[in-house]
Amino acid sequence: MSHKLTDPCNRQRLELPRLEFVSRDGKRDFVCVYFSVIYICSILLFLIGLIGISVAFCGLFYWAINWNKPTLQGASSILQTPGMGFRPQPDTKSTLIQCFKGVMETYYHIIDHIEAYAQYYENELQVGDRYMDCSEIRARRTEDLDKVCTFDPMVWGQLCVKQQDFGFDDGQPCILLKLNKVFDWVPEEYTNETVPDVIRDDWDPDDPWWIHVRCDGDDDSTRENMGDLLYFPEKGFPFKYFPFRNQQGYRSPLVFVRFDNPRPGIILFITCRAYARNIVHDRTEKMGQVSFELIVD
């Protein structure tokens with residue numbers, strides 16, 4: 001059965017078949033519909049079961065995971081030694097720090113980057129019941145480990161501060177160093193028999209509870225041209241700020257290293273290391289140390 005379609009201009013006539021659905025076998029149609037319904041219901045049941053299994057696994061995951069501490073700790077964790085970081089690092093893809101003495105345009109972004117990090121340590125941000133004054137603690141801390149020791153920026157002295165442009169304006173840049181957080185890691189002190197020669201002259205057997213920091217050149221040229229280095233605080237990171245247990249408001253201790261008289265125009269390849277008896281140094285794995293390049297023009 002068909003009908004004709006004629007265009008408005010009567011230029012052609014199209015004969016199109018008219019589709020008609022006539023059931024020749026009602027039983028066959030019923031079987032087709034029945035199995036179609038079974039097929040669709042099977043798919044729906046499969047999807048519902050899949051969603052149910054996913055929800056169950058997610059619930060088990062959230063029940064098993066402790067969001068305040070890692071599952072693997074201590075000897076079971078791959079993090080046995082903390083790494084180190086430095087500021088400024090405005091470009092995360094580069095470890096080069098470059099400035100021109102007295103030319104603000106070359107280092108204002110560097111100052112901003114250091115200041116943005118240092119502002120987090122201002123005293124007015126370290127108040128409340130979760131903080132405690134640890135100024136009288138000299139050894140490691142054994143009590144109230146759920147609280148945070150306040151960090152006093154005064155230990156950085158008067159040279160490595162924003163008012164002095166962190167030394168960049170005078171060509172004596174201050175580089176901020178920090179230890180990366182490792183959950184429940186506790187530094188171990190040296191003894192007379194184990195203290196390394198590199199810190200022996202500054203190590204005090206009556207006050208061994210410090211993670212000492214030392215920076216050095218990676219080559220002879222750097223060591224000849226890097227000049228004198230000053231550290232604030234002088235002894236490094238105090239033991240009393242450890243362990244880190246994800247306490248609310250925790251602040252890692254910081255150390256500034258000041259390059260007091262670097263030779264201008266020379267690229268300096270620097271590696272800074274943290275020293276404690278259970279800190280291992282590995283350049284490849286970036287454990288216990290950090291490297292950067294510095295140019296003062």
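A polar contact is a pair of N or O atoms within 3.5 Å, where one must be able to donate a hydrogen and the other to accept it. In this predicted model, such a contact of 2.8 Å joins the side chains of R251 and Y131. R251 sits in the loop between β10 (237–238) and β11 (254–259), and a polar atom of the R251 side chain also lies 2.7 Å from the backbone oxygen of Y120. R251 is buried but has no salt bridge, and the nearest side chain of opposite charge, that of E122, is 9.0 Å away.

Salt bridges do occur elsewhere, and a search of the whole structure finds nine. One of them pairs D184 with R245, with the closest N and O atoms 2.7 Å apart. This pair links distant parts of the chain, 61 residues apart: D184 is in the loop between β7 (174–179) and α3 (197–200), and R245 is in the loop between β10 and β11. D184 is partly exposed, with a relative accessible area of 30%, and R245 is partly exposed as well, at 38%.

Another salt bridge joins the side chains of R214 and D202 (2.5 Å, N to O). Because R214 lies in strand β8 (residues 210–217) and D202 in the loop between α3 and β8, the pair ties together parts that are twelve residues apart in sequence. R214 is buried, at 12% relative accessible area, whereas D202 is partly exposed at 38%.

Turning to open space, the largest pocket has a volume of about 350 Å³. Of its 20 lining residues, S135, D152, V155, K240 and Y241 are the closest to the centre. The lining divides into eleven nonpolar, four polar and five charged residues.

Methods
Residues are numbered from 1 along each chain as its sequence is written. This is a predicted model: local features need pLDDT of at least 70, side-chain atom pairs count only at pLDDT 80 or more; totals for chains, interfaces and linings use all residues. Side-chain values use heavy atoms; hydrogens and water are left out. On a 1 Å grid over the protein atoms alone, a cavity is a set of points where a 1.4 Å probe fits but cannot get out, and a pocket is an open set with protein on both sides within 12 Å along at least five of seven lines; lining residues have an atom within 4 Å of a point. Grid points are joined across faces, edges and corners, and a volume is the space filled by probe spheres set on the points. Ala, Val, Leu, Ile, Met, Phe, Trp, Tyr, Cys and Pro count as nonpolar, Asp, Glu, Lys and Arg as charged, and the others, Gly among them, as polar. Helices (H or I, at least four residues) and strands (E, at least two) are DSSP runs, numbered from the N terminus. Buried means under 20% relative accessible area, exposed over 50%, partly exposed in between (1.4 Å probe, protein chains only). Lys and Arg count as positive and Asp and Glu as negative; His and the chain ends are not counted. A salt bridge is a side-chain nitrogen of Lys or Arg within 4 Å of a carboxyl oxygen of Asp or Glu.
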